[in-house]
Amino acid sequence: MSSEDQRRSANGTEGVHPSVNESGSAGAGAGGTRRDEEAVSRFVERFAAELTEAGMQRTASRVFAALLSSDDASMTSAELSEQLRISPAAVSGAVRYLTQVSMIGRERDPGSRRDRYRLHNEVWYTTFAQRDSVLTRWENTLRDGAATLGSDTPAGARVAETVEFFEFLQKELLALMDRWKVYKETGRPADAGGVG
């Protein structure tokens, strides 16, 4: 049992997430700010619904949104299960998916055998940067497809235009990511023509 678990057990709050007090109502966040846990829960479900609408698995969306709304961007399986009111098996499937797509990582709680799931630093940057390799694979496959279909056929012309679109998108995405790095470091937008 970790020192945190011992403290919680002594206070009668074992298993309660640090941002939730014993009654389950609004607790203090890391900066001492009190959180309205019902409002947080509504945000988690709303953002999860948006992610699901965009194609992410529903439970994975909920787990990701819960981690995103956690002050330290990490939770154990038990905490996720309790907050989202889902089974440990559902949490396991969701974190497996999120780990595979590199949106979260797994680490061990110090002095414990429990796994803790944590959002990667710069999760959005990493997620979009990985799209670059996906676009490259699609481009290569589509380029082969255009050659197979023949550029003088309607299908070949359509696939060739798709290749051009992905080439354009990839170039713009890389430039956009570079501009984000400059913006994050300086707090000022980079000149559109000055990066690249």
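Biologist: Of the 196 residues of the protein, what percentage count as buried?
Modeller: Buried means under 20% relative accessible area, exposed means over 50%, and partly exposed is in between (1.4 Å probe, protein chains only). With that cut-off, the buried part of the protein's 196 residues comes to 32%.

Biologist: Before we go on, what kind of model is this?
Modeller: Residues are numbered from 1 along each chain as its sequence is written, and side-chain values use heavy atoms, with hydrogens and water left out. Local features need pLDDT of at least 70, side-chain atom pairs count only at pLDDT 80 or more, totals for chains, interfaces and linings use all residues, and the model is predicted.

Biologist: How many helices and strands does the protein have?
Modeller: Both are DSSP runs numbered from the N terminus: helices are H or I with at least four residues, strands are E with at least two. Reading from the N terminus, you get α-α-α-β-α-α-β-β-α-α. The tally is seven helices and three strands.

Biologist: Which residues have the most contacts inside the largest nonpolar core?
Modeller: A nonpolar core is a set of buried Ala, Val, Leu, Ile, Met, Phe, Trp, Tyr and Cys residues joined through side-chain atoms within 4.5 Å. The largest one here has 24 residues, and those with the most contacts inside it are Val-63, Leu-67, Leu-80 and Leu-98.

Biologist: And which element gives the most to this core?
Modeller: At least two core residues come from each of helix H2 (37-53), helix H3 (58-69), helix H4 (77-84), helix H5 (88-100) and strand E3 (115-119). With six residues, the one that gives the most is H3.

Biologist: Let's zoom in on Leu-80. What does Leu-80 touch, beyond residues up to four places away in sequence?
Modeller: Contact means heavy atoms within 4.5 Å. Leu-80 is one of the buried residues of H4, along with Glu-79, Ser-81 and Leu-84. Its partners are Val-63, Ala-66, Leu-67, Met-75, Arg-85, Ile-86, Val-91, Val-95 and Tyr-117.

Biologist: Why is H4 called roughly perpendicular to H5?
Modeller: Axes are lines fitted to C-alpha atoms, for helices over the stretch in contact, and angles run from 0 to 180 degrees between N-to-C directions. Angles under 35 degrees count as roughly parallel, over 145 as roughly antiparallel, 65 to 115 as roughly perpendicular and the rest as oblique. The H4 and H5 axes come within 9 Å and cross at roughly 115°, which makes the pair roughly perpendicular.

Biologist: Which residues of H4 and H5 make the contact?
Modeller: Again, these two axes come within 9 Å. H4 brings Ser-77, Leu-80 and Ser-81, and they meet H5's Pro-88, Val-91 and Val-95.

Biologist: What about H3 and H4: at what angle do their axes cross?
Modeller: On the H3 side we have Arg-62, Val-63, Ala-66, Leu-67 and Ser-69, and they meet Leu-80, Gln-83 and Leu-84 in H4. The two axes come within 11 Å, and the crossing is at roughly 105°.

Biologist: In what order do the strands of the open sheet sit?
Modeller: Two strands pair if DSSP finds at least two bridges between them. E1 and E3 have three bridges, while E2 and E3 have five. The pairing is antiparallel, and the order of the three strands is E1-E3-E2.

Biologist: Which residue in E3 is the bridge partner of Met-75?
Modeller: Look along E3 for a residue that also bridges to Arg-106. For Met-75, the partner is Tyr-117.

Biologist: Which residue takes a positive phi in the hairpin of E2 and E3?
Modeller: The hairpin has six residues between its strands. The one with a positive phi, near 70°, is Gly-111.

Biologist: Last one: is Ser-61 buried or exposed?
Modeller: Ser-61 lies in helix H3. Leaving aside neighbours within four places in sequence, Ser-61 is in contact with Ala-48, Leu-51, Thr-52 and Met-56. Its relative accessibility is 0%, so Ser-61 counts as buried.
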